[in-house]
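Hi there,

Here is the structure I promised to pass on. Have a look at it first, then read my notes below.

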Amino acid sequence: MTELPAGSALDRSDWLLLLLDKAALEAQGPEELDPVRIQKGLFLLSQRGPARGLYDFRAYDWGPFSSAIYADLASLTQRGYLSEESMLGRTWSTYVVTARGHERAAATATRVGDGATAWLRQTRE
């Protein structure tokens, strides 16, 4: 299991990765999430959840939007924690957690504790 450095603060991308990792959350539902679900989940986490203020959002066509989430998704993909899956006939992609990403998300789940993971699980489902 990949451990986060002792005493290190969680990066907002750790919360994003954990939201995307169905297995680390022991959640139901699809393996991958589309961009609208990711934006809405992180909006709720940033506004009402255990990690408030992670992202700044503005109103957009499909709900709250933060361009910083796309930068974090690209970074997580580049570092091998996520796989970007193109959707046939769509202009957007979904994101799937890789084995390396799961190790990091599982370490994050341990660090944030049962209450935060339960909150994320409920939000993801």
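Let's start with Glu26, which sits in the loop between α2 (22–25) and α3. Helices here are DSSP runs of H or I with at least four residues, strands are runs of E with at least two, and both are numbered from the N terminus. Glu26 has a positive phi of about 55° even though it is not a glycine. Glu26 is also exposed, at 63% relative accessible area. On that scale, buried means under 20%, exposed means over 50%, and partly exposed is in between, using a 1.4 Å probe and protein chains only.

Before going on, a word on where this comes from. This is a predicted model, so local features need pLDDT of at least 70 and side-chain atom pairs count only at pLDDT 80 or more, while totals for chains, interfaces and linings use all residues. Residues are numbered from 1 along each chain as its sequence is written, and side-chain values use heavy atoms, with hydrogens and water left out.

Now the overall picture. The protein has 5 helices and 4 strands, and from the N terminus they come in the order α-α-α-β-β-α-β-β-α. The C-alpha trace spans about 40 × 30 × 25 Å along its principal axes. How does the radius of gyration fit a compact globule? For 125 residues such a globule would have a value near 14 Å, and the protein has 14 Å, which agrees. (That radius is taken over C-alpha atoms, and the globule rule is 2.2 Å times the number of residues to the power 0.38.) Of the 125 residues, 43% count as buried.

Next, have a look at helix α5 (residues 99–124). A straight helix of 26 residues would span 38 Å at 1.5 Å a residue, but α5 spans only 20 Å between its end C-alpha atoms. The expected span is 1.5 Å times one less than the number of residues. Where does α5 bend? The bend is at Gly113, by about 115°; this is the angle between axes fitted to the seven residues ending there and the seven starting there.

Leu44 counts as partly exposed, at 29% relative accessibility. Leaving aside neighbours within four places in sequence, Leu44 is in contact (heavy atoms within 4.5 Å) with Gly49, Trp119 and Thr123.

The whole structure holds 4 aromatic pairs. Rings of Phe, Tyr and Trp (its six-membered ring) pair if their centres lie within 6.5 Å; planes under 30 degrees apart are stacked, over 60 edge-to-face and the rest tilted. Phe43 and Phe57 have ring centres 5.2 Å apart and planes at 90°, so this pair is edge-to-face. The pair links distant parts of the chain, with Phe43 in helix α3 and Phe57, 14 residues away, in the loop between α3 and β1 (58–60). Phe43, Tyr55 and Phe57 form one aromatic cluster.

Cheers
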